[in-house]
Amino acid sequence: MAQIRNIVFDMGGVLMDWDPVRISLLLCPDPDDAALLRKAVFDSREWGFADAGAIKPETIAWTAKLKLPERLHELADTFALRWYDVFEPMEATGALVRELKSAGYGVYLLSNANTLFERYRDRIPAIDAFDGVLVSCYEHVVKPDEAIYLLFCERFGLGPASCLFVDDLRRNVVGAERAGMQGYLFDRDVEALREHVRALAEADA
């Protein structure tokens, strides 16, 4: 097994607190309406299409309004176009990114996201420390498609076997492993991830 020299981080659920239920209730305190809006926006096919760069975020809002009562149309715009206002950093993971960078690892960000990414990019913990960032909407391919991991490695000149990919969704970890990376399913336990990286380093020593 090749030595791990690069740690590749997902964003939502790893560096930023992507919790659709929590975000929905912050944007709309009524739980029933929040559930309707979440289904129409965050759980929609259009959300995935925007992550792939196939449609604009504004189209998510437009299609959501077709599914919702008129009284929720303004909130549909908020959910589709301003949800990141309550998108909070996970600072402990950001601290680990800096720690790994200082230890000599390459650190990278590989995320599914639509073009609104540019509006909150600077709020991502340790964003200035990353050696490279690849976001799905600009590449027109999304995780867990094996192609995005291979594109990532080609873009930054990395061997897949030298990379540990960290994501909170099992399907995305499996996709990375199929592309030849090692995978780690993150459950918000930063210390467990730190120990995992340390154990890999000790095994390679």
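Modeller: One term to begin with: a contact means heavy atoms within 4.5 Å. Of the contacts in the protein with a separation of 6 or more, 66% are between residues 24 or more positions apart.

Biologist: What kind of model is this, and how are residues numbered?

Modeller: It is a predicted model, where local features need pLDDT of at least 70 and side-chain atom pairs count only at pLDDT 80 or more, while totals for chains, interfaces and linings use all residues. Residues are numbered from 1 along each chain as its sequence is written, and side-chain values use heavy atoms, with hydrogens and water left out.

Biologist: How many helices and strands are there?

Modeller: The protein has 11 helices and five strands. Helices (H or I, at least four residues) and strands (E, at least two) are DSSP runs, numbered from the N terminus.

Biologist: And how compact is the protein for its length?

Modeller: Its radius of gyration is 18 Å, close to the 17 Å that the globule rule gives for 205 residues, so the protein is as compact as a globular protein of that length. The radius is taken over C-alpha atoms, and the rule is 2.2 Å times the number of residues to the power 0.38. Along the principal axes, the C-alpha atoms fill a box of roughly 60 × 30 × 25 Å.

Biologist: What share of the residues is buried?

Modeller: Of the 205 residues, 49% count as buried. Buried means under 20% relative accessible area, exposed over 50%, and partly exposed in between (1.4 Å probe, protein chains only). The accessible surface comes to about 9,600 Å², and 51% of that belongs to carbon and sulfur atoms. Those areas come from the Shrake-Rupley method with a 1.4 Å probe; for residues, only the protein chains shown count as cover.

Biologist: Let's look at β4. Why is it described as largely enclosed?

Modeller: Five of the five residues of strand β4 (residues 163–167) are buried, so the strand is largely enclosed by the rest of the structure. Cys163, Phe165 and Asp167 point one way, Leu164 and Val166 point the other way, and all are buried.

Biologist: Which strands does β4 pair with?

Modeller: β4 is joined to β1 by four bridges, and the two run parallel. Four bridges also join β4 to β5, again in parallel. Strands pair if DSSP finds at least two bridges between them. For example, Asn6 has Cys163 in β4 as its bridge partner, and Asp167 has Leu185 in β5.

Biologist: What do β4 and β5 form with the helix α10?

Modeller: β4, helix α10 (residues 170–178) and β5 make a right-handed β-α-β unit. Right-handed here means that, with the strands pointing away from the viewer, the path from the first strand over the helix to the second runs clockwise.

Biologist: Change of topic. How many salt bridges are there?

Modeller: There are 14 in the structure. A salt bridge is a side-chain nitrogen of Lys or Arg within 4 Å of a carboxyl oxygen of Asp or Glu. In one of them, Lys143 meets Asp10 at 2.7 Å, N to O. Lys143 lies in the loop between α8 (136–139) and α9 (146–156) and Asp10 in the loop between β1 (6–9) and α1 (20–27), so the pair ties together parts that are 133 residues apart in sequence.

Biologist: Is that Asp10 buried or exposed?

Modeller: Asp10 counts as buried, at 5% relative accessibility. Lys143 is also buried, at 5%. Among the residues that Asp10 touches, not counting those up to four places away in sequence, are Leu109, Phe165 and Asp167. The C-alpha atoms of Asp10 and Asp167 are separated by 5.1 Å, although the two are 157 residues apart along the chain.

Biologist: Last one: which helices do the buried residues of α4 pack against?

Modeller: They pack against α2 (31–40), α3 (45–51) and α5 (73–81). The buried residues of helix α4 (residues 57–67) are Pro57, Ile60, Ala61, Thr63 and Ala64.
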